Each structure stands twice: as C-alpha cells, then as structure tokens.
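This is a short report on a predicted model.

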Amino acid sequence: MALIVDKHRPRSLDALTYHDELSDRLRSLAQSGDFPHLLFYGPSGAGKKTRIVATLKELYGPGVEKIKIDARVFQTSSNRKLEFNIVASVYHLEITPSDVGNYDRVVVQDLLKEVAQTQQVDQSARQRFKVVVINEADHLTRDAQAALRRTMEKYSPNLRLILVGESTAGIIAPIRSRCLLVRVARPTVGEVEGVLRGSCEREGWEVREGLVGRVARESGRNLRRALLMLEGVYAQNEKVTDDTPIPPPDWEGLIEQIAQEIMAEHTSARILQVRSKLYDLLTHCIPPTTILKTLTFKLMPLIDDDLKPEVIKWSAFYEHRIKTGTKVIFHLEAFVAKFMRILEMYLMSMDM
Amino acid sequence: MASFFDLKARKAALANGAATKETEKKDGENTRVQPWVEKYRPKTLSDVTAQDHTITVLQRTLQASNLPHMLFYGPPGTGKTSTILALAKELYGPELMKSRVLELNASDERGISIVREKVKDFARMQLTNVSSAAYKARYPCPPFKIIILDEADSMTQDAQSALRRTMETYSKITRFCLICNYVTRIIDPLASRCSKFRFKSLDQGNAKKRLEEIAEKEKVGLDEGAVEGLINCAEGDLRKAITYLQSAARLVGAVQQPGGGDDGEDGMDVDKKTVSVKIVQDIAGVIPDETIQRLVKAMRPTTLGGNYTPIAKEVEDMVADGWSAGQVVTQLYQAVVYDETIEDAQKNKILLVFSEIDKRLVDGADEHLSILDLALRISGILGGR
C-alpha cells in the first residue's frame, strides 16, 4: 500500500488544487510550442515535483508516466568509473547529478550532450525536444553549472532543461538568466486543510475539523509533512477525535529533550550528555542543519526576548560553519556551549 | 516489457499529436522554437548594441584584415560572444566558418589535455583555401584562423599556462579570442598577449531601443513603463531582459488562448494583449514592495523593546513563500540604503551585516536562519543596541 502522499499526488495540471495562476501559466507554456528552460524553486513540500510531472504530462501526454531506471557508467578523466542512475521515459530523463559529488560536471557534460545531439526519432512525438529534469540543481558545483551554459543555448532545438532546487542562491547568474524562473510557494494553512480534507474523504476516514486544523498548523505549511502526519495519526489510533495528539517524529522529540536539558543546567557535564544525543541524531542521518534549526526554534520560546537576537546570531553563525567545515559535531556542540554561556551571562547580569 | 510500453505511449502520442502537428510544426518550427536571444543575436558587427568603442576598433581591424589576439571581458549579457561570432561571420562568411573557427566553451572538456591536443592541432593546421573568387570578394577571408575560448575564466590555471606558448608559436596562422567575465581570473602572461576589450554594462537608452525593436518584430504589446521595468530587473544584462520579455510575451499571448471565447480571431487578440510591469516583475522573481515594506516595518524599533516575534513571523512567511534569499537580501539592501531616515553611521554597520550574510548565502548556509539573523541584527542596529 502506497503512502497517501504518493497515492493522492495530482497527476495532471487540472488536478492541482492550489496556485491556480501558476498552473494556468504552465499549461499555456506547455501548449504554446516554444517551451523555455525552467527553473523551479521553492521550499520543500511545496509541490515543485508534482508540478513538473504534471507539466511533462501536459507536454507529452501519458507516455511520460511509463518510467524505467537506467544505470549508466561514466568515466572521469582520471579513469574513475562512476555509477549513475537515471530515471527515464521515452520523452524525458531525470537525473540527480549531486549523487556523484564532485564529478557532477562529467555527468552533465557527457549525458546532456549525448541527449542533445540525438534528435527525437519518433516523428509522431508531440514535441521535438527531450526534457531533462535536473534535481537539486542548487547543489551542482560551479564547474557543472558553467558546463551547462552553452549547452543550454547551443542545443536548444533538441533539449529543454527543467532545474529544480530549493533556492536560486546556489545557481550562478548566467544560468538564471537563461531560464524562466518559477517560484512555487508553500500552500497557505487553509489550502493545506483543504487538501487534508480531500485526502481523508478519499481514504474513507472520518474528517475531524479540529485535527485537520491542528495538523495544518503544525506542519508549517509543508504539505508533504502534513499528509504524513495525518496518515500517522490515523494509522496509530483506532478512533480519531478532535484532540488526538499528533505524534511528533522521534527525532523532534529528542531535540525537544535536548533543548530542555540545556535550559536546565549549564555545566560541562551536561554538554557531555547532550553530545551523546547529538551523535544519536547524526547517526540516524538527520541533517545537521535540521538539527541546529530545530534546536534553535525549540529554544526560542524558552528564553527571554532580549536574548533571542543573540541566539539567532550564533545559530546562523554555526550553521554557516557546518556548511563550510567538515566535522559537524564540533559546530553543534559549540553552539550548545555558546548558548549555555550566553544564557549564564544573561542570568548573572540579572542577579547583579 | 519496456518496448511494449513504448509502443503504447507512441500510439497515444500519435493520436494526440496528429491534430496539432500539421498546423503548427511545419511552418514556424525553426523560428518559434528558438529562444529570442538566439534569434536576435546580432548578425553583423554594426548590429551589436552599445559597445561603440569596441566596435569601431574591431571594424578598423576588419578593414585592415589583421587581428591581434583578443580578450573580451565584461558582465554577462553585454554582447561579448555575439561580437566575436558576428566578427567571424563577417570575416569568413558561412562557408569558411566551419573550417576556420573553433569555438570552445566551458561545456566542452577543457582541461590541459584538450589544450594540448585539440587546440594545438587546430592551431597548427594549414589554412584551407577558398574555392571561388566571388566568395573572396564578398568576405575578406584573412589568412588566419580564429580560436574562440568562451568562458575562459573557468579554465584551470594549468590549461591557461599551456596556452601561452601555443599562442605565440602559431600566431602567424591563428588568432585567439578569449572571453570571460572576470579579467582577473586570466593569468597575467595570457592577458598581456592579448589586446583587451572591456564590454560595459548596457545603458538604459540602448537597451530600451533594442527591446522595443524586438517587441515590435514579435508583435508584443508593451505597457507604459514595461521596458523600464524589464531593464531594471535585468540589471544591465540584455540577455536576461530579452529572456524575460519572451517569457512575458508567452504568458500574455497564451493566457488568452484557452479563455478566448468572445470572438474567433485568436491571433489578433494575442497581439493586443500587452506586457505590464507587474508581469515582468512576476517573471523576474521580484518580491512585491509590500512584503519588503512589511519586513522593514517589523524591523523598526518599537517602544516595547523586543520585536523578535513580528520579525520571526515575517521571515517565516517569506521563506514559506519561497522567495529566494538572494533576492530578499538585494531588495532589503535597496530599501535600507535609500532610506533617508536612517543615520549614516547606522548604515555603515548595517552594510557590514549585509556583506557577511551575502557571503554565507553563497557558501550555502541555511536561508531561513541567515535571513532571520540579518533582520534581527539590522533591527538591533536601528534600535541603537
């Protein structure tokens, strides 16, 4: 049984429930015959991918839904072999070049050129060009992005790119100027509620207004998260009422616990205890940025208003360090220590 | 199994595509599918917009049929690639272009091995001759080849140094043209071998003329002020401006089609609809002024002291709406710097914060935290803390 996130995913532009203006725009682009390169950006859980699949369907018809997975082997200039997975249909390819880390340039160059230089053989196909969807485009290395530049112009008759990323910050200006930017905002709380209600009805679950409202608010407008939460609630409870508690994910609970602990006691012994918890989170593959962010926002309600800017400042500072450094745990612990110090100083000054 | 699906998909596509295929595909395929940036790339040197100085110099060399090695540099979208391609076209004409010009850019493998082999091989190749005298009369066909190294600033140092001797040895029969955004990334020995041409950012007047010309040719109606809007959003990058114009035109053109039930003449309607400033800003991803103003308002010091909660809420909304952090920083910067009510000393401090946050964003730091930090720190400075 598929999760309802996947099961109820809209398959066509008409079935999309929010951002109607955007859907209209995409439809008109797909129908107009000259389809530009697109760059979709927006926070996760906003529905970027859903919109892309729907647009592709609008472009080519149902053929795009028949996908297969290809494993390809690329060879780098230093003779290293890279294995790389491609999701492909007859009309489009989908790649995640950041899978291969620093070698993404090789993949981008080889693969795109190969696609670009072969014309669509199928005369009856609706479009002459193939579409290549590049996931996590904002994590592409500079080199790979530079390699895209001319390819996008030169082979434009045979190839259209759809880049997907969380933000445009990581994408170099020349690429941005060659794409049509499509911003996908998260749905509003009301829209999330609408979708949740729809899903409940389709599953034959009893709709609880209070619960739906709470899930929508808790999810932070992240639709995917909201749907997963909803399914979690219905899966765990026999009988669902308006005030059935929404179980937080385990990791969030643990972070909450850490927040409580470092609020309560500011000693090096406490740091040691927290360290083991942080390690626990890291070994369960929770991204460090998420840990730090969640921890910060969990701490926020617990501290005084005057202190908040300071804490945010250091949180942003250590988050940056996490990105540029290599060993994550140092920076997480440094943040914890820093926080304890700030708090202690503040309390001291209050006492005086 | 896969072939079965293919067949089925193909049949479906055939059925669906048959109707539209005949009308649309045949006539306009080549021009319609092409991005306008390519379509309106200058064909001759005199077409190139707003680089008068460079063009005069190049035209002189064209008459003299001699060229130095060249280094073009300048911000994106100012016509560097267009200029050299137009020059090559004027020099050689369509027939000789293929054998006399080698264009390499960052999408080609361009490590040291390529410089050693491909570039060197091409550089040392003997010149091909022109067949007919008539062709020679039309185009100067000077006795050298041109190697265009586009986006030369993404070449490695090693590859660049490997070019040095090559450029000199074969200078009799080969000219190099390096194109880059940042002249500082080109190693000195290479830069000193070339005559440099700086391409400046396009000024309002020229960019406007060009955009209006294209709009007229494509029969796109432009609202009052739309061109200015385009130029502002594009920040002197003509390519960006043209791309935006095309996207905007598609939008207004195509929105009409599904709903156009009032009278039958679709084509006419499409032309009548005009591109407005709002559509342009929409496409360019510009954040509406109200949103920025709301944030600025939240940042202003209040009598109550702490304004964490309103700021945090604004920032959270912005992040959820998917506005890119880079754009937020740019626009917030403009809002703050041009604000007369903020003291100069405070602005100095605020700018320091901006520079730090910008660096963090480029390094890939989390957008939410960075923007929140930015807003809170500015607010702190404004409050005199």
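B:T83 sits in helix α4 of chain B, which covers residues 80-100; helices are DSSP runs of H or I with at least four residues, strands are runs of E with at least two, and both are numbered from the N terminus. B:T83 counts as buried because its relative accessibility is 0%, where buried means under 20% relative accessible area, exposed over 50% and partly exposed in between (1.4 Å probe, protein chains only).

Beyond the neighbours within four places in sequence, B:T83 is in contact (heavy atoms within 4.5 Å) with B:L45, B:V48, B:I55, B:L58, B:F72 and B:F199.

## Domains of chain B

An automatic or database domain assignment divides chain B into domain 1 (36-198), domain 2 (204-255 + 274-284) and domain 3 (289-383). Taken over C-alpha atoms, the centres of domain 1 and domain 3 of chain B lie 45 Å apart.

## Chain A as a whole

Chain A contains 14 helices and seven strands. Its C-alpha atoms fill a box of roughly 80 × 55 × 35 Å along the principal axes. Of the 352 residues in chain A, 53% are buried. Among contacts in chain A with a separation of 6 or more, 71% join residues 24 or more positions apart.

## Basis of the values

The model is predicted: local features need pLDDT of at least 70, side-chain atom pairs count only at pLDDT 80 or more, and totals for chains, interfaces and linings use all residues. Residues are numbered from 1 along each chain as its sequence is written, chains are lettered from A and ligands numbered from 1 in the order written, and side-chain values use heavy atoms, without hydrogens and water.
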